[in-house]
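Hi,

Here is the structure I said I would pass on. Have a look at it first, and then read my notes below.

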Amino acid sequence: MTTFSPLSGTISERIQQIRQTLPASVRLIAVTKQVPIAAMREAYAAGVRDFAESRVQEAEAKQMQLQELTDVTWHLIGHLQSNKVQKALECFQWIHAIDDLKLAQRLNRLAADQPQKPQTLLQVKPLPDPNKYGWTIADLLNDLPALNQCEHLNVRGLMTILPYGLSAAEAVAAFQQVHTLANTIRDQHLPHIQMQALSMGMSDDYSLAVQAGTTMIRLGRILFGDRVT
Ligand SMILES: *Cc1c(COP(=O)(O)O)cnc(C)c1O
């Protein structure tokens, strides 16, 4: 795995440097969990229009403080608890981590009454990883008919987070597996499941995800520095 190099430059310079290496088809999403408002404004000033948060509550608080940034798209990237689904629908335009059928069905039911429908991604694990949420490839294929009944879910593609400690070659192969799965699903032409988006790649592995054809990268530390955990 490519390791994360020490940060240099301002947030805006880092964003510009990374953008220069990205194909135009890749959407850079700034992961702003634990990131102060001032740093988010700096990212916005550098052209970022996509912010991602892991927690509904943190996003809600920041949205209050950033109300004047009306053209931002908000992405939820963390595991969604079932008691937060309604709030998540109100706060986020994209929900990246639909990770099981029950959650998908609950979201679908609540989204039915929602004026603004979310766009969603299904979280998949190309490699076994007991520490992460998400479908295995086999389980996702099994659940597709039921997911296709969820007409308010607006499934747009797949999301993945790779396990730690892979070599670059292993990581590219795993990302490619997810890309291939998206193509396989797309070929089924299910009316309520689209597969044009792939949310793959974080600070340590985004360039490998780009090689494997991702359309969205989720960058936190490489833009804003280490988080206090
Ligand atoms: C925190 C987080 C990221 C960003 O990770 P970095 O290593 O800081 O780039 C991306 N995706 C998800 C799901 C996350 O929780």
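This is a predicted model: local features need pLDDT of at least 70, side-chain atom pairs count only at pLDDT 80 or more; totals for chains, interfaces and linings use all residues.

Residues are numbered from 1 along each chain as its sequence is written, and side-chain values use heavy atoms, with hydrogens and water left out.

Let's start with helix α3, which spans residues 56–65. Helices (H or I, at least four residues) and strands (E, at least two) are DSSP runs, numbered from the N terminus. Which residues of α3 are buried? They are V56, A59, K62 and Q63, where buried means under 20% relative accessible area, exposed over 50%, and partly exposed in between (1.4 Å probe, protein chains only). These four sit on the same side of α3 because they cover an arc of only 130° around the axis, taking the directions from the helix axis to the C-beta atoms. Q57 and M64, on the other side of α3, are exposed. The buried residues pack against α2 (37–45), β2 (50–53), β3 (73–76) and α4 (85–91), with contact meaning heavy atoms within 4.5 Å.

Now for the charged pairs. A salt bridge here is a side-chain nitrogen of Lys or Arg within 4 Å of a carboxyl oxygen of Asp or Glu, and by that rule there are nine. One of them joins E60 and K87, whose closest N and O atoms are 3.1 Å apart. E60 lies in helix α3 and K87 in helix α4, so this pair ties together parts that are 27 residues apart in sequence. E60 is partly exposed, at 28% relative accessible area, and K87 is partly exposed too, at 33%.

K87 also forms a salt bridge with E90, and there the closest N and O atoms are 3.7 Å apart. Both residues lie in helix α4, three residues apart, about one turn of the helix. E90 counts as partly exposed, with 43% relative accessibility.

What about K132 and D129: buried or exposed? Both are buried, and they form a salt bridge with their closest N and O atoms 2.9 Å apart.

Finally, back to K62: a network of salt bridges links K62 with E53 and E58.

Cheers
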